[in-house]
Amino acid sequence: MLSLCICGTAITSQYLAEKYKVNTPMLQSFINYCLLFLIYTVMLAFQSGSDNLLYILKKKWWKYILLGLADVEANYLIVRAYQYTTLTSVQLLDCFGIPVLMALSWFILYARYRVIHFIAVAVCLLGVGTMVGADILAGREDNSGSDVLIGDVLVLLGACLYAISNVCEEYIVKKLSRQEFLGMVGLFGTIISGIQLLFMEYKDIASIHWDWKIALLFVAFALCMFCLYSFMPLVIKVTSATSVNLGILTADLYSLFFGLFLFGYKFSGLYILSFTIIMLGFILYCSTPTRTVEPAESSVPPVTTIGIDNLGLKLEENLQETHSAVL
């Protein structure tokens, strides 16, 4: 279902770019962050105690600024990379986020993997390679990009930022709450994307010839992205960020299947094979749960002190026990 949400964002973005010549990724993300703000940030404002918005801002405001920055820029860099490099490069290099995510989970979340998990990841990446091969054979590799090296660097940076965002998301939804994650991402995502929007896309927005079809595509994109952000924490809470990222590798394939009818893509049997391989790897990964170890404690024994009052109480207890024994 999360893959279908991503597929919806890809299709609506492609319609806006190809049919209506609208290329405003930051505006599309801004609308999504505004929805998160209106729903989840407002919910936090009415919470009490440590779940209250003001309390969270007072204690952890700078951490959520960094998280919001990573999330906004990850979305932006991946979309911007398509202007410089090829579809194949984006699909392949975007997978770099999975080993980065596993490494971050190892050191930050103390997740421990078995051999079967590494085999499952390799199988999923093999499925992505099969999908890329199908793209090349089907002739979808027409655009060579204006500067492939810049595009590849943007994809790698975006993949790393996605991994950081996902690890933080897993930590927050498992240790704190889903509402806190979505509320704070909605708050700072709205602010950061709004500022970036004013500086980078105001000319593109001003040139849009608005009609109901373009508005409907923007609404559809925002709803798909909102559902993705709302439901992903639920899945991460019962599984892990790594397994979710393996599962949503199928999003590109869903987009290809819809593209057969909407954009006239050529069909290849390798698409079915790649889908099967990715799902096999995903099921293999989920078949064995990962372990979580507790962080190592200090080997220095804690220093215990007994104050005067506590010493008096200890002596009194000992005297009472002696008296009871005599009786």
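This short talk walks through a predicted protein model, from overall confidence to single residues.

Residues are numbered from 1 along each chain as its sequence is written, and side-chain values use heavy atoms, with hydrogens and water left out.

Let me start with confidence. The protein averages a pLDDT of 81, pLDDT being the predictor's confidence in each residue, from 0 to 100, and 83% of the residues score at least 70. Residues 298–317 have a pLDDT below 50, and beyond near neighbours in sequence this stretch has one contact in the model, where contact means heavy atoms within 4.5 Å. Where pLDDT is low, the predicted coordinates should not be read in detail.

Now the overall build. The protein has 14 helices and two strands, these being DSSP runs numbered from the N terminus, with helices (H or I) of at least four residues and strands (E) of at least two. Of its 327 residues, 43% count as buried, and here buried means under 20% relative accessible area, exposed means over 50%, and partly exposed lies in between, using a 1.4 Å probe and protein chains only. Among contacts between residues at least 6 apart in sequence, 88% join residues at least 24 apart.

Next, the packing of helices. Two packed helices are described by the angle between their axes and the distance between the axes. The axes here are lines fitted to C-alpha atoms, for helices over the stretch in contact, and angles run from 0 to 180 degrees between N-to-C directions. Helix H2 (residues 25–45) and helix H10 (residues 212–238) have axes that come within 9 Å and cross at roughly 55 degrees. H2 and H10 are therefore oblique to each other, since angles under 35 degrees count as roughly parallel, over 145 as roughly antiparallel, 65 to 115 as roughly perpendicular and the rest as oblique. H2 passes H10 in a right-handed crossing, a term used when the near helix is turned clockwise from the far one by less than a right angle, with anticlockwise giving left-handed. On the H2 side the contact includes Leu27, Ile31, Asn32, Leu35 and Ile39, and on the H10 side it includes Phe218, Phe221, Met225 and Tyr229.

Valine 219 also lies in helix H10, and at 44% relative accessibility it counts as partly exposed. The C-alpha atoms of valine 219 and asparagine 32 are separated by 9.3 Å, although the two residues are 187 residues apart along the chain.

A second pair involves H1 and helix H12 (residues 251–262), whose axes come within 8 Å and cross at roughly 45 degrees. That makes H1 oblique to H12, and H1 passes H12 in a right-handed crossing. Residues of H1 including Leu4, Cys7, Ile11 and Tyr15 meet residues of H12 including Tyr254, Phe258 and Leu262.

How many salt bridges does a search of the whole structure find? The search finds two, a salt bridge being a side-chain nitrogen of Lys or Arg within 4 Å of a carboxyl oxygen of Asp or Glu. In one of them, glutamate 180 pairs with lysine 60, with the closest N and O atoms 2.8 Å apart. This pair links distant parts of the chain, because glutamate 180 is in helix H8 (residues 178–200) and lysine 60 is in helix H3 (residues 53–81), 120 residues apart. Glutamate 180 is buried, with a relative accessible area of 2%.The other salt bridge joins lysine 174 and glutamate 170 at 3.0 Å, N to O. Lysine 174 is partly exposed at 37% relative accessible area, whereas glutamate 170 is buried at 8%.

Asparagine 166 is also placed in helix H7 and, at 7% relative accessibility, counts as buried. Leaving aside residues up to four places away in sequence, asparagine 166 touches Leu101, Met232, Ala241 and Asn245.

Finally, the backbone. Most residues other than glycine have a negative phi, and most peptide bonds are trans. Lysine 21, in the loop between helix H1 (2–18) and H2, has a positive phi near 55 degrees and counts as exposed at 67% relative accessibility. Tyrosine 110, in the loop between helix H5 (97–108) and strand E1 (111–112), has a positive phi near 60 degrees and is partly exposed, with a relative accessible area of 30%.

Technical notes:
This is a predicted model: local features need pLDDT of at least 70, side-chain atom pairs count only at pLDDT 80 or more; totals for chains, interfaces and linings use all residues.
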